[in-house]
Amino acid sequence: MLLTADVGNTNITLGAYSGGRLMFVSRLYTERAHTVDQYAVSLKLLLELHGISPSDFSGAVVSSVVPELSLIICGAVETLTGVRPLTVSPGVKTGLNILTDNPAEVGADLVAGAVAAAAKYPLPCLVMDLGTATKISVIDENGAFLGCTISPGVAISLEALSSRASLLPRISWETPRKVIGTNSVDSIQSGVVFGVASMLDGMCDKIEQELGRPAKTVVATGGLSKDIVKSCRREVITNPDLILEGLKIIYEKNVR
């Protein structure tokens with residue numbers, strides 16, 4: 001089996017592949033103060049929850065945008081499974097041609113998502129990643145990564161609004177019934193959900209205008225993607241496991 005781990009600023013997403021089948025997906029809250037042993041215990045409990053033994057794994061691959069946790073997560077995986085993980089970093093074979101000013105600074109999560117999108121979907125493709133930050137990656141018809149856009153994520157925007165505006169309540173966000181809110185909660189939810197969806201539509205329009213051609217595919221991933229993109233005007237494919245799929249592809253390219 002192959003263990004895949006995507007270390008993000010808010011969550012660590014874990015998945016296990018047996019052959020081509022994704023056996024489970026679980027998330028841990030990103031705790032920057034945790035040690036190797038603490039993460040190893042958490043991972044052990046997750047595997048037990050899904051009836052999987054640590055000895056079942058013959059490989060592991062990790063992407064991380066939290067540098068201070070990269071070695072810790074890799075150490076936890078190796079402590080538990082005995083397998084030294086492959087880390088997505090400069091020098092690792094990805095098959096992705098990155099055409100940015102400094103390819104080394106492109107986040108490992110963006111690389112993994114782009115690798116999976118280029119392998120699975122018609123190109124050009126736009127990849128929306130709705131997590132701690134809201135990102136749109138651009139993959140051209142040749143499968144090259146042209147660049148991306150980055151804006152504050154939904155949760156960050158909502159937290160900032162509630163903390164800076166004394167009269168506005170802290171809410172759990174969900175899609176409201178209508179755009180024009182008639183109370184504070186509905187108004188905030190409308191601004192967040194419909195506002196982000198409209199921003200995504202508008203940014204895709206601007207990207208296509210700059211490219212001079214339409215994208216054949218728009219795919220969304222990330223923890224908040226399912227609830228946001230259903231309010232988008234354009235057709236968007238939702239694939240919550242896109243980054244894990246990309247990690248699996250990258251691992252296979254490097255172990256052959």
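Begin with the lining of the largest pocket, whose residues divide into 15 nonpolar, 13 polar and 7 charged, where Ala, Val, Leu, Ile, Met, Phe, Trp, Tyr, Cys and Pro count as nonpolar, Asp, Glu, Lys and Arg as charged, and the others, Gly among them, as polar. The model is predicted, so local features need pLDDT of at least 70 and side-chain atom pairs count only at pLDDT 80 or more, while totals for chains, interfaces and linings use all residues. Residues are numbered from 1 along each chain as its sequence is written, and side-chain values use heavy atoms, with hydrogens and water left out.

Next, select Asp-109, Asp-129, Gly-131, Thr-132 and Lys-135, which lie nearest the centre of this pocket among its 35 lining residues. Strand E8 (145-152) is one of the elements supplying at least two residues of the lining, and E8 gives the largest share, 4 residues; strands (E, at least two residues) and helices (H or I, at least four) are DSSP runs numbered from the N terminus.

Now centre on Asp-109, placed in helix H3, which counts as buried (under 20% relative accessible area, 1.4 Å probe, protein chains only) because its relative accessibility is 8%. Leaving aside residues up to four places away in sequence, Asp-109 touches Asp-6, Ser-63, Val-65, Asp-129, Lys-135 and Ile-243, a contact being heavy atoms within 4.5 Å.

Finally, display H3 (residues 108-120) with H7 (residues 242-255), whose axes, lines fitted to C-alpha atoms over the stretch in contact, come within 7 Å and cross at roughly 85°; the two helices are therefore roughly perpendicular, a term covering 65 to 115 degrees on a scale from 0 to 180 degrees between N-to-C directions.

Definitions and conventions: Angles under 35 degrees count as roughly parallel, over 145 as roughly antiparallel, 65 to 115 as roughly perpendicular and the rest as oblique. On a 1 Å grid over the protein atoms alone, a cavity is a set of points where a 1.4 Å probe fits but cannot get out, and a pocket is an open set with protein on both sides within 12 Å along at least five of seven lines; lining residues have an atom within 4 Å of a point. Buried means under 20% relative accessible area, exposed over 50%, partly exposed in between (1.4 Å probe, protein chains only).
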